[in-house]
Amino acid sequence: LHYSLHSFPTRRSSDLFPSHDTPDISELEHQKVMEAFDTIASYPFYIDDTPRVKIHSVRATAHMFKRKYGKLAALFIDYLSMMDIEQKSNQTFPKAVGEVAFDAKALAKELDCLVIILAQMNRVGAEKDRPESHHLKESGDIEQAADFIEILWKEEDKQQIGADYSIVTSTITKGRKGGLSEFYCKFIGSVQRYEDYFLPPRDNTKIDEEGRITNHNPRRRKGA
């Protein structure tokens, strides 16, 4: 179940299959796009584009889907700031946002499914060389409520001049049971696709197609 709060219904198919709208794709690529469309159309994938949705409406709809289909694999909200955040009397807006984040965490336990919420970075985080979890926009309670936080951002010094793609850094800044990690992706904007990317080595290190170092020196034994 996917709540898409930031785009128009007429843009929905092109958001899911942007390469279909690209005029310079080949006939074979177009055929692959249509096959992918048919495959996903057969999945129980539902989009709700209700504007300014409230968290209690999300809960009611999600429980209805679980009763109807027996299982909800994942719930996506795109994105948090576009929701209708209700403020109680004498409650600050950041606290109201934090309450929604904790409600979403409780909903994940109720439904026994993943709840994935997109959020923006605040201005300070956007200007930082390396954004962190506390730079999430609107509320620090988002960091407290989340079990897992992934931040996608671009490092200007890693961009390739003249390339038709961007290098995106994926930083896991919070990961219960999973730890903290950092990965790199190649983002191809013309087809809205992310692919694995391995940074070129800074020395004579050789890396195979799967990102494994093939000419590393064995670690020296103690006393050698």
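**Close-ups of a predicted model**

**View 1. Four strands line up as an open sheet in the order S5-S6-S7-S8, with antiparallel pairing.** Strands here are DSSP E runs of at least two residues, and helices are H or I runs of at least four, numbered from the N terminus; two strands pair if DSSP finds at least two bridges between them. At the edges sit S5 (148–154) and S8 (193–196), each pairing on one side only. This is a predicted model, where local features need pLDDT of at least 70, side-chain atom pairs count only at pLDDT 80 or more, and totals for chains, interfaces and linings use all residues. Residues are numbered from 1 along each chain as its sequence is written, and side-chain values use heavy atoms, leaving out hydrogens and water.

**View 2. Strand S7 (residues 181–188) and S8 run antiparallel, joined by four bridges.** Look for Cys185, which stands opposite Asp196 in S8.

**View 3. Helix H3 (residues 55–69) packs against helix H4 (residues 93–111) at an angle of about 10°, with axes 11 Å apart.** Axes are lines fitted to C-alpha atoms, for helices over the stretch in contact, and angles run from 0 to 180 degrees between N-to-C directions. That makes H3 roughly parallel to H4 (angles under 35 degrees). On the H3 side, the contacts (heavy atoms within 4.5 Å) include Ile55, Val58 and Ala62; on the H4 side, Val100 and Leu107 are among them.

**View 4. Val58 touches Tyr3, Val53, Leu75, Ile77, Met83 and Leu107, not counting residues up to four places away in sequence.**

Definitions and conventions. Parallel < 35°, antiparallel > 145°, perpendicular 65-115°, else oblique.
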